[in-house]
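Here are a few exercises to work through with the model open beside you. Try each task before reading its solution.

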Amino acid sequence: MRVLLVEDEAGTAEILLAILTGEGWTASHAANGQDGLKMAMAEIYDVVVADRTMPRMDGLSMLQALREAGVVTPTLVLSALGAPEQRVAGLESGADDYLTKPFDAAELVARIRALVRRTRYNAHEKVTIVGDLHIRTDSKTALRAGEPLNLTPKEFQLLLFLARNAGDAVTQRMILENVFDWRAEADPGAPIVPVAISRLRAKLERPALPEILKTVRGKGYRLIDPHAE
Amino acid sequence: MQSRAAPKRLSVFARMVLTVSLVFALGVGATLGLVYLLMDRQIENLLAEQIRTDIAQFNRIKGEHELRRVLTLRLQSEQSVGGGSVFLLQTRDGANPRQSANVVGVSDLFGNVSQWPEGLPDSMNAPRLVQDAGRTLLVQSMTHGEDLRLLVGRDLSAWATVRNQLATTLLALSALAIVFGAVGGLLIARRLLFRLNGINRFCAQIEESGLGARLPVAARRDEFDQLAGSINGMLDRIAELARLNRIASEQIAHDMRTPLTPIMATLDRLSQPGAAAPDHEMLAGLAEDLQRLRGMFDSMLEVSHIEAGGRRAEEPVDLADLARDTADMYRPWAETCGIDIREELEPAAMRGAPMLLRQAVGNLLSNALRYQEEDGHILLRTGSEGGGPFVEVIDHGPGIPQEDIPRVTERLFRRAEHRHMDGHGMGLAFVAAIAKAHGMRLELLAHRPGHAHPGLRARLSMPRGPDSNAN
């Protein structure tokens, strides 16, 4: 995967580049918005990771210029500004995801993966299949090895989110944001995600079948196709 | 302080006095000018009336002889007593009437006007102003008999003295008005400035002596008292903020020390010469402690951001729907704790940022869940009271001691006995910040006062319902 990192702060850029290349990805770096814009227009990247506040041209202006030029490369904006209207402004200028600093390496990596995936799968796809798991979005039903699972609407949404990111870890923050409509910056004050996962697991896993919903320590949760791994 | 206030005071003072006296003098001047004009008109009308009476009288006289007799009498009386009447009798072709032996004192020209005014017709319906030998006359002409014309009028010069006196009096009055205006302006300005200076001195004093002092507010509640009240209110708010800030700083310092201590200890041990290489577990512990620190920083930043105004991303929201969703989100955890979340949800429409409102309801729920004993229930209610939407969460836990309630919403405040519990103590501070950003009120009340477990009723409400008509 080719990632373009646009970040003005040398120290932060170094760490981010280490994280990105640590995943085995090819990472290019631009030190300001203008250079970032030039590079993003000149070459094809799978994803752009851009800081919001930068000298010369800030991340949002760069993104706007990029979108106006017809470049639709999925973009994640990094920012120390986490207030809701800041996030809205970020998403309105064309960001596909918005991550507030500081963040974990795992959070960044998981979000980049989900972002690239989201642009690849068809959101209107009626059936999502992961191994022996069949999820039908039109009837909101899920089957494990042909047997229907009795899921609540939230559990169904959670399973669908995991399935659409199958193979990759999704973090608690991502689940809170995407499944529960919860602000990623806010602490829910209760183990909402672990409890939801354990309930889903109780309905999903069968003693006779291989385990498919894994906990990835320090990273989050991962739905796998046991035969593909 | 005085030197700084002085130039401004002078200019305001001077402007006030000038404006008041000018406006007053202009008003009085205009009034008197009007009086003068009206009186002038009145005099002319009066004279015109007299002329008409004369003309009517002369019209009734039959024969030239009789006319001459009457005119002679009038002219004689005019000469001896005066009165400003003027007459001129002529034949229509402009020659003087035929001399008569019994007319006394009037020689070739019969009358006391030097000549028939140029262009004046022989007969007129209304009097008009003409000049004659340096006099201004108001005259009207009439014909008499076959071949005579008569000019009847009044000499306005006689009135000139009266007019001059009137003008002088009015001017004197205007001058007096300017003086009175100036004095009045001075008095008003001095009164205003006296009170303004009081406030000024007080503010200067605040700069020096701190936020403790308050302005006196008199019972009359005039604008200055309102200003004093506003300033006092502002000072209360500033003092409260300063106090909160101090408490928050102390709390932050204290709470930061807690996770910092083990981090420092571990790093200290690792940096000793000959220390064992750090193992995975040790590093994970360090990371966890740092994570906690970061969480606290994030939360504090967040609260300030929200307080600074998260209202821009707002849209119509029904608190009932939002509360139902949020309850669904927390219910699995509540069930794990053996607690039932009950709902009494009535529509409660308002405008707001749904993400923030959901967080507020979530924080109230997680707070209630933390303090609710096992096998109990907590109640989630929404609705509209007096047009103001509200949401409230009621638990049956230990509640909050009366004296702690005002401080609970302060940042990082946690009652000492609950310090061991998790959470950064920010929950209610978040709710308070979100409430403030939405113009809502957060109330914390004992649900069952006097009970061993009084419980807590945390209520978020819109004081009046300006937005409740939105949908």
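**Exercise 1. Find which residues A:Leu159 is in contact with, leaving aside its neighbours within four places in sequence.**

Solution. This is a predicted model. With the sequence neighbours set aside, the contacts of A:Leu159 are A:Leu133, A:Ile135, A:Ala142, A:Leu149, A:Leu151, A:Leu200, A:Leu204 and A:Leu223. As background, nonpolar side chains in soluble globular proteins tend to be buried together.

**Exercise 2. Search the whole structure for aromatic pairs and say how many there are over all chains.**

Solution. The search finds two. Start with A:Trp182 and B:Tyr330: their ring centres are 6.3 Å apart and the planes stand at 70°; an angle over 60 counts as edge-to-face, so that is what this pair is. Now locate the partners. A:Trp182 belongs to the loop between α7 (172–179) and α8 (192–204) of chain A, while B:Tyr330 is in helix α6 (residues 319–336) of chain B, so the pair joins two chains. Both A:Trp182 and B:Tyr330 are buried.

The other pair is B:Phe58 with B:Phe87, also edge-to-face, at 5.7 Å centre to centre with 85° between the planes. B:Phe58 sits in helix α1 (residues 2–60) and B:Phe87 in strand β1 (residues 85–91), both of chain B, so parts 29 residues apart in sequence are tied together. B:Phe58 and B:Phe87 are buried as well.

**Exercise 3. Identify the ring over which the charged end of B:Arg149 sits.**

Solution. The ring is that of B:Trp116, and the charged end is 3.9 Å from its centre.

**Exercise 4. Describe the interface of chain B and chain A, and work out how many salt bridges cross it.**

Solution. Begin with the contacts: 26 residues of chain B touch 26 residues of chain A. Then take the area: the two chains bury about 2,300 Å² between them, with 60% of it on carbon and sulfur atoms. Finally, apply the salt-bridge rule across the interface, which gives one. A:Arg199 and B:Glu335 form a salt bridge, their closest N and O atoms being 2.8 Å apart.

How values were computed
Residues numbered from 1 in each chain as written. Chains lettered and ligands numbered in written order. Predicted model: local features only at pLDDT ≥ 70, side-chain atom pairs only at ≥ 80, totals over all residues. Heavy atoms only, no water. Phe/Tyr/Trp six-rings, centres within 6.5 Å; stacked < 30°, edge-to-face > 60°. Helix = DSSP H or I, 4+ residues; strand = E, 2+ residues; numbered from the N terminus. Buried < 20%, exposed > 50% of the residue type's maximum accessible area, 1.4 Å probe, protein only. Lys NZ or Arg CZ within 6 Å of the ring centre and 35° of its normal. Contact = heavy atoms within 4.5 Å. Buried area = accessible area lost by both parts, 1.4 Å probe. Salt bridge = Lys/Arg side-chain N within 4 Å of Asp/Glu carboxyl O.
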